Amino acid sequence: MSIQELSAQELHPAPGTDSPGEAAHADARDAEGLSVWPRSARPEPHGDVSVGGVSLAEAADRFGTPVYVLDEHEVRERCRTYRTAFPDADIVYAAKAFLCRAMAHWVQEEGLGLDVCSAGELALAVTTGFPPEKIVMHGNAKSPEDLRTALRLGVGRIVVDSTSEIARLAAITPAGTRQPVMVRVVPGIAAGGHAKVRTGTDDQKFGLSLTDGSAQHAVTRILDQPHLELVGLHCHIGSQVAAVKPYVAAVRRMVGLLARIRDQHGIALPQLNIGGGHAIAYRPGEEHLNISVLAGRVRAELEDGCARAGLPVPRLTLEPGRAIVGPAGVAVYRVLAVKRTGAHTFVAVDGGMSDNPRPALYGVRYAPRLIGRPSSAPPRLVTVVGRHCEAGDILADEVALPGDVHPGDLLAVPAAGAYHLSMASGYNLVGRPPVVAVSDGIARVLVRRESLDDMSRRDVGL
Ligand SMILES: *Cc1c(COP(=O)(O)O)cnc(C)c1O
């Protein structure tokens, strides 16, 4: 593929358009307004939409609302896209995007590893059979419990995020063993969809800086610890990054650091983990990161940079979270109230910031769709709000919905698979929604709805 072709693809990325059949299918989905939905999404009679062969209106009736529907094939296909694009790399799913037992099984069956950031995520994965050696543990402030659990369960790699962690970890590593670790480096690159998710620059809490020498200092400290085995470097530049360039720049800086470590300590570290952060489209027309273009450019930079520096090419690891599970999920809500004020029409649904805090946190925009009945009413700009006791509980500001939307209607929000339920809260004791997996026309509950009983059981004082 020529450079021109690569950059053209980068400018106009189209998801899953490698074959002519796929391209035609993508065009049809665009025409139906389903371009950011799971690939299995189909318009059905009477305004319904099916995902994985399951009618969303029926799922809403059967499981209640709000409900999160997760397309198993879409998750698996996305895992395979990474494995095909990076055949020689370790692909590690970032569990914080969404984790339950079934999800852990799916990514394991597709040959991925798992990235966890707490003893809780780690224990869930290992108790459901995930091989601990394929788990990477992260965290800017790992608790003693996190580190003890990681050592006890035998995680493959622990990513050191602060100097104090080095001595703490070494002190509890059992005699006669060596824990493989990596250093989380801040490469000094600004990338990402929002200031709150930019993690590649020096002015945020993650990692050890390349520019002020703390990354190099941590490397020296780890090499001094006989119980720790430094296997490589890690960086994660941010989230919702739609361009390939920042990744190429990060690889260049990390190879530079690998070369300096070789010069200073006489060792060539065998692994390089370049994190995740690959953008998805939340609304039609938004850009996503093209994974095959990323693979080509990262591989070229890594091979060229290592050749120039006289380094062996390290084994690459990537940690996608959102791009694996985000587009596979659809949230379905029921409309409870419609209110017209002077300037706005508010459409209030039976969920909101307790199941999706992202609009309030990052100002993210979604594209909800009326489902379950046909409507020929002309579209009107409305604000879809939640049921919680805050004026900022907005799910989708200024979106076009049919003008006759009314209580009892169903609204479906695509691209809802990542960072919704994993960030969900107990606000207003509404209870977190269930997760229903759909595939081949069959729906099954993966995580049941949180009941009042679940919540009141924790409340043990008087
Ligand atoms: C959050 C995170 C990821 C995944 O980010 P996505 O934007 O979901 O791809 C990967 N690695 C690290 C260290 C992270 O903190």
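Student: Let me start with helix 7 and helix 8. Where do their axes meet, and at what angle do they cross?

Tutor: This is a predicted model, so read every value as computed from it. The axes of helix 7 (residues 144-153) and helix 8 (residues 163-172) come within 10 Å. They cross at roughly 45 degrees.

Student: Which word describes how helix 7 and helix 8 lie to each other?

Tutor: Look at the angle first. Angles under 35 degrees count as roughly parallel, and 65 to 115 as roughly perpendicular. Helix 7 and helix 8 are therefore oblique to each other.

Student: Is the crossing of helix 7 and helix 8 left-handed or right-handed?

Tutor: The crossing is right-handed.

Student: Which residues make the contact?

Tutor: From helix 7, take Pro144, Leu147, Arg148 and Leu151. From helix 8, take Glu165, Arg168, Leu169 and Ile172.

Student: How many of the residues in that contact are nonpolar, polar or charged?

Tutor: The contact of helix 7 with helix 8 has 5 nonpolar and 3 charged residues. No polar residue takes part.

Student: Now strands. In what sense do strand 15 and strand 17 pair?

Tutor: For a strand pair, ask for the direction and the bridges. Strand 15 (residues 345-349) and strand 17 (residues 379-385) pair in the parallel sense, over 3 bridges.

Student: How many bridges join strand 17 to strand 18, and which way do they run?

Tutor: Strand 17 and strand 18 (residues 394-402) run antiparallel, joined by 6 bridges. Val384 has Ala396 of strand 18 as its bridge partner.

Student: What is the strand order in the open sheet of 3 strands?

Tutor: The order is 1-2-3, and the pairing is antiparallel.

Student: How many bridges join strand 2 to strand 3?

Tutor: There are 2 bridges between strand 2 (residues 49-51) and strand 3, which run antiparallel.

Student: Let me zoom out. Which residues belong to each domain?

Tutor: The domain assignment puts 8-71 + 327-455 in domain 1. Domain 2 covers 72-326.

Student: How many Å separate the centres of domain 1 and domain 2?

Tutor: Taken over C-alpha atoms, the centres are 31 Å apart.

Student: How many residues of each domain are in contact with the other?

Tutor: On the domain 1 side there are 36 residues, in contact with 33 residues of domain 2. Interface size is often given another way, as the accessible area lost when the parts come together.

Terms used: Residues numbered from 1 in each chain as written. Predicted model: local features only at pLDDT ≥ 70, side-chain atom pairs only at ≥ 80, totals over all residues. Heavy atoms only, no water. Axes fitted to C-alpha atoms, helices over the stretch in contact; angles between N-to-C directions. Helix = DSSP H or I, 4+ residues; strand = E, 2+ residues; numbered from the N terminus. Parallel < 35°, antiparallel > 145°, perpendicular 65-115°, else oblique. Left-handed = near helix turned anticlockwise from the far one by under 90°. Contact = heavy atoms within 4.5 Å. Nonpolar A, V, L, I, M, F, W, Y, C, P; charged D, E, K, R; others polar. Pairing = 2+ DSSP bridges. Domains from an automatic or database assignment.
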